[in-house]
Every structure is written in C-alpha cells, then in structure tokens.
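Please read these comments with the model open beside you.

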Amino acid sequence: MNARTNIQIINGPDGEPAFVVIPYTDYVNQHSEDQDLIPHDVVSRTVDGATPLRAWREHLGLTQGEVAERLAITQSAYAQQENSQRLRKASRDKIAAALGITGAQLDF
C-alpha cells in the first residue's frame, strides 16, 4: 500500500532513516496539547541562577506576596519554599496550581 502523505523521511549517511519532516500545521496540531512546555524566559532565568519557582513567578509577573496569598501562607513561608532546591511533590503541585502551571513544569 503506497498511501500519499505529507511526511518526508530523510536518510542519514548510513542509509537508515534519520529525520522526519512534517508540515508545520501538522506539528502544531500534534503538540498544541502539550501542557508541560517551559518558556525560554523561564529557562533563561534559571540559567542565570533563579530557582524554577522564582523563574516562573517572575515570568508570570507575580510578587512573592501574591503567590503566598493564593496559597494562604505568609510571604516569608513562600520565600523559603521558593529558595528551596528540593520541594516535596505535594508542595510543588500546590504551588504549580497557584501559578496556573503543571507540577512537571517546575521539575526541571
């Protein structure tokens, strides 16, 4: 069966398939539901030394006080969590929900 597709396969030097090229609209449609993407700005902030929590908070334009209010905790309690290099999964998931992102987006 030789069904016509918009997919192009590019072979490597060894003659084996190495790359697949698909139309951009097909790619967008396949990946539009990816919830775990991390914006370049967030990654850049972590490269510059921010924790993932701080990078996301700053990217979203929120203060520590605003996030703490969403979590019903004090600003100083949130600041301690934001500076932590290792958060419990439950804490990470609660903070992610308060930021409107997934827990996986904080775990990089």
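The numbered points below take the helix pairs, then the salt bridges, then individual residues.

1. Basis of the note. This is a predicted model, in which local features need pLDDT of at least 70 and side-chain atom pairs count only at pLDDT 80 or more, while totals for chains, interfaces and linings use all residues. Residues are numbered from 1 along each chain as its sequence is written, and side-chain values use heavy atoms, with hydrogens and water left out.

2. Helix 2 against helix 3. Two packed helices are described by the angle between their axes and the distance between the axes. For helix 2 and helix 3 the angle is about 135°, and the axes are 9 Å apart. Axes here are lines fitted to C-alpha atoms, for helices over the stretch in contact, and angles run from 0 to 180 degrees between N-to-C directions. Helices (H or I, at least four residues) are DSSP runs, numbered from the N terminus. Helix 2 and helix 3 are therefore oblique to each other; angles under 35 degrees count as roughly parallel, over 145 as roughly antiparallel, 65 to 115 as roughly perpendicular and the rest as oblique. Helix 2 passes helix 3 in a right-handed crossing, the term for a near helix turned clockwise from the far one by less than a right angle, with anticlockwise giving left-handed.

3. Residues between helix 2 and helix 3. On the helix 2 side the contact (heavy atoms within 4.5 Å) involves Asp41, Val42, Arg45 and Thr46, which meet Pro52, Ala55, Trp56, Glu58 and His59 of helix 3. By class, the residues of this contact are 4 nonpolar, 2 polar and 3 charged. Ala, Val, Leu, Ile, Met, Phe, Trp, Tyr, Cys and Pro count as nonpolar, Asp, Glu, Lys and Arg as charged, and the others, Gly among them, as polar.

4. Side chains of opposite charge can pair when their charged atoms come close. Glutamate 58 and arginine 45 form a salt bridge at 2.9 Å, N to O; the term requires a side-chain nitrogen of Lys or Arg within 4 Å of a carboxyl oxygen of Asp or Glu. This pair links distant parts of the chain, with glutamate 58 in helix 3 (residues 52–59) and arginine 45 in helix 2 (residues 40–47), 13 residues apart. Glutamate 58 is partly exposed at 25% relative accessibility, and arginine 45 is partly exposed at 27%. Buried means under 20% relative accessible area, exposed over 50%, and partly exposed in between (1.4 Å probe, protein chains only). A network of salt bridges links Asp41, Arg45, Arg54 and Glu58. The count of salt bridges comes to 7.

5. Helix 4 against helix 6. Helix 4 (residues 64–71) and helix 6 (residues 89–99) pack at about 110°, with axes 9 Å apart. They are therefore roughly perpendicular to each other, and helix 4 passes helix 6 in a right-handed crossing. Val67, Arg70 and Leu71 of helix 4 make the contact with Lys94, Ile95, Ala98 and Leu99 of helix 6. These residues divide into 5 nonpolar, no polar and 2 charged.

6. Charged residues of helix 6. Lysine 89 and aspartate 93 meet in a salt bridge at 2.8 Å, N to O. Both lie in helix 6, 4 residues apart, about one turn of the helix. Lysine 89 is exposed at 53% relative accessibility, whereas aspartate 93 is partly exposed at 30%. Aspartate 93 also has a salt bridge with arginine 92, at 3.9 Å, N to O.

7. Arginine 92. Is arginine 92 buried or exposed? Arginine 92, in helix 6, is buried, with a relative accessible area of 16%. Leaving aside neighbours within four places in sequence, arginine 92 is in contact with Leu87, Gly103, Leu106 and Asp107.

8. Most residues other than glycine have a negative phi. Alanine 72 is not a glycine, yet has a positive phi of about 60°. Alanine 72 sits in the loop between helix 4 and helix 5 (75–83) and is exposed, with a relative accessible area of 70%. Glutamate 69 belongs to helix 4 and is exposed at 67% relative accessibility. The C-alpha atoms of glutamate 69 and alanine 98 are separated by 9.3 Å, and these residues are 29 apart along the chain.

How values were computed: Helix = DSSP H or I, 4+ residues; strand = E, 2+ residues; numbered from the N terminus.
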